[in-house]
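Colleague: I have a model open and want to learn how to read its local features. Can we take them one by one?

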Amino acid sequence: MNAEESVELEQLMFVEDPVDGDEPRVHPAWLPPEAFRSLGARRVLVHGDGLLVDTVLHEVSRACARYGGRVWHSPSWDVDVDLVLALRGADELPNPAVQAARAAAAALIEGADGERLGDEGFLLARAGDVTVVLADAPAGLLYGLFHVVRLCAAAFDPARPAERHRPALRRRMLNHWDNVAVHPVMGQVERGYAGGSIFWQDGRARGDLARVREYGRLLASCGVNAISVNNVNVARTEALLLTERLGDVAEIADVLRPYGIRVHLSVSFAAPVVLGGLPTADPFDPAVRAWWAATTRRVYERIPDFGGYLVKADSEGQPGPFTYGRDHADGANLLAEALAPHGGVVHWRAFVYNHHQDWRDRSTDRARAAYDHFAPLDGRFRTNVVVQVKFGPVDFQTREPVSPVLAAMPATRLAVELQVTQEYTGQQRHVCHLGPWWSEVLRFAPWGPGGRTIADVVTGETAAGGGLVAVANVGDDVFWTGHPLAQANLYTFGRLAWDPRRDPTEILDEWITLTFPPSATADAELVRRTLHEIMDDSWRTYERYTAPLGVGFMVNPGDHYGPGVDGYEYTRWGTYHFADRDGVGVDRSRASGTGFAGQYPPYWAQVYESVESCPDELLLFFHHVPYGHVLHSGSTVIQHIYDTHFAGVEEVRAMRRRWQTLHGMIDPSVYERVAERLDEQVRCATEWRDQINTYFFRKSGVPDGRGRRIY
């Protein structure tokens, strides 16, 4: 055996499982083996060292073992290759042609004012007959590898121009609402619709973390680089993860580290009392500060790359600084002080409101709460505090305005919180592609058209903003997300977090190509076209057959699934629609309502203040109007309700018919699961239509102008 063959064998041994047994234990989502065919059929050189470089080498080795390619790791002899994945700082290569290609690619970087690629950036370029991926750091090389996988054969097109990629956002994070101990009401995963937790089971950490490793691989391939591993509602068992059960968190961090993902932990603000035996958790108490400093130091001794803490405080029963007469800046800064020496951050959620409201009191408005609590604190948070703000002012409804908090705190690092788990958008039983919705949020210009956008806010100067965060949607279901098409929402979040200005349709096309590789489908173009027809407008379809014109919360209390028009109308939660015989909607104007419209900068405050200028899709969020009010579309409010609900059901039926055209063309298990879910979506959409239309017909007494049946 010569030296070259010896190194090749050594690299192939890096594949943990035999090729024939190499299939993942669950659905591979957007990383099926077939997606690696173009890479795996080529001669590849991985050049550099480090943990994440080892991951790159493992991925390439597995692909080459399957598809007949060859792989080398930094050989000291001359080799001819098709692809070089190299760190810029690695030694020169002995092959003159390959080294020349690498140097040519490096010159492209240096020609751009010598700007570094950064810890996560990379360059892809063609130089001669070689495709070159260069990175300054191992994480960039890992992301560059997955970019090659996305491009398939196009990565090796001789005419392909050079591409420079850097993430716009430094932190691209998922929050898991997973419970270590099964909650008596919320179960293993709060608002989880895909089975149990992939981290925790029966009150303890799962013994086999192979699935967590596969999850890390999926997340790295779409650009996610941070996760919190437990619920923001921290109960007693979960609180122990910070101290005596820290080893469980460390094991998860060890598994995810090779994919560049840092672990964060949700902690209880009352931890000094609950875990430390102190009489108080007052952030101004020296003993409390010392406890957090010592506890945090021990966390970093065990997990050196620990990301930081996530906190839900003084919200929905969770403890917080209000108990001690302190405010949110005082509470957040306490934890930030403990984390700062180690480079950690605290994500402090702005989801704070009075959840014991009196439905009779129209002066109290849940939508106002985050702004009222946090806007006065701007400039008081430490630099390693990220205030995490839900994209809308209420709670992930299908249609809300963008939260005014995101324009009100220029001296604070802000993160936008999205919800990948479909709590109010069909719970992964309905097709509802969320990319277009999130893109609307990110493109919104709070100071008026043409001004800075929400994407600019979360990016910050030199990518120092708070980033994007989302509530995760995976569980231990064989399809990760329960509904195979809901995998697209997780992928889209990662890609928008990498570049919040991306076109969500292009991202969906990426996901389709990876998940249903052309070489593995009977009619690739039909599959692509059909999935776009089903998914592109699916969020708006969902909106059409559920709550109308931004009114929100017409869901069953508790599980939040299916219609419950008055389900929250007389409750303590502050989520009302005020429908009566004369009209519907919440008056949030300054002139006669709660004043919420005035929390926006002047341009949007004026737009939302007026019934005449308020966008149709948000009319009932901001105004109480008669059923005969004429929308900008030319329809009355009541006729709009009827028309959209009938149309929404027809659109879902059309989705189901389109899906049926794919029978026999894709994986039968995927086909059957989606078909089953579409049947449920048709049933549920019909129930939404009939309940909403009947409710408003009975309230208004106005019949459908088209004479359709209303019960």
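Colleague: Is Arg-206 buried or exposed?

Modeller: Buried means under 20% relative accessible area, exposed over 50%, partly exposed in between, with a 1.4 Å probe and protein chains only. Arg-206 has a relative accessible area of 18%, so it is buried. This is a predicted model: local features need pLDDT of at least 70, side-chain atom pairs count only at pLDDT 80 or more, and totals for chains, interfaces and linings use all residues. Residues are numbered from 1 along each chain as its sequence is written, and side-chain values use heavy atoms, with hydrogens and water left out.

Colleague: Where is Arg-206 found, and which residues is Arg-206 in contact with, leaving aside its neighbours within four places in sequence?

Modeller: Helices (H or I, at least four residues) and strands (E, at least two) are DSSP runs, numbered from the N terminus. Arg-206 is in the loop between strand E11 (204-205) and helix H6. Contact means heavy atoms within 4.5 Å. Leaving aside neighbours within four places in sequence, Arg-206 touches Ser-197, Ile-198, Phe-199, Trp-200, Gln-201 and Asp-476.

Colleague: Now Arg-326. What is its relative accessible area?

Modeller: Arg-326 has 24%, so it is partly exposed. Arg-326 sits in the loop between strand E14 (308-311) and helix H11 (328-339). With neighbours within four places in sequence left aside, its contacts are Asp-282, Pro-283, Phe-284 and Pro-321. Arg-326 and Phe-284 are 42 residues apart along the chain, and their C-alpha atoms are separated by 8.6 Å.

Colleague: And Thr-131: where does it lie?

Modeller: Thr-131 lies in strand E5 (residues 130-135). Its relative accessibility is 0%, so Thr-131 counts as buried.

Colleague: How do I read helix packing? At what angle do H18 and H22 pack?

Modeller: Axes are lines fitted to C-alpha atoms, for helices over the stretch in contact, and angles run from 0 to 180 degrees between N-to-C directions. Under 35 degrees counts as roughly parallel, over 145 as roughly antiparallel, 65 to 115 as roughly perpendicular and the rest as oblique. Helix H18 (residues 524-535) and helix H22 (residues 637-660) pack at about 165 degrees, with axes 9 Å apart. H18 and H22 are therefore roughly antiparallel. H18 contributes Thr-530, Leu-531, Glu-533 and Ile-534 to the contact, and H22 contributes Met-655, Arg-658 and Trp-659.

Colleague: How do H6 and H16 cross?

Modeller: The axes of H6 (residues 210-222) and H16 come within 8 Å and cross at roughly 45 degrees. H6 is therefore oblique to H16. Tyr-215, Leu-219 and Cys-222 of H6 meet Leu-490, Tyr-491, Gly-494 and Arg-495 of H16.

Colleague: How many residues of H14 are buried?

Modeller: In helix H14 (residues 435-443), 7 of 9 residues are buried. Among them are Trp-437, Trp-438 and Leu-442. The buried residues pack against strand E17 (413-419), helix H15 (454-459), E18, H16, helix H17 (504-515) and H19.

Colleague: Last, the cores. How many residues has the largest nonpolar core?

Modeller: A nonpolar core is a set of buried Ala, Val, Leu, Ile, Met, Phe, Trp, Tyr and Cys residues joined through side-chain atoms within 4.5 Å. The largest has 208 residues, and Trp-292 and Tyr-309 have the most contacts inside it. Helix H23 (residues 668-700) gives the most to this core, with 12 residues. Apart from this core lies another, of 19 residues, including Trp-72 and Val-130.
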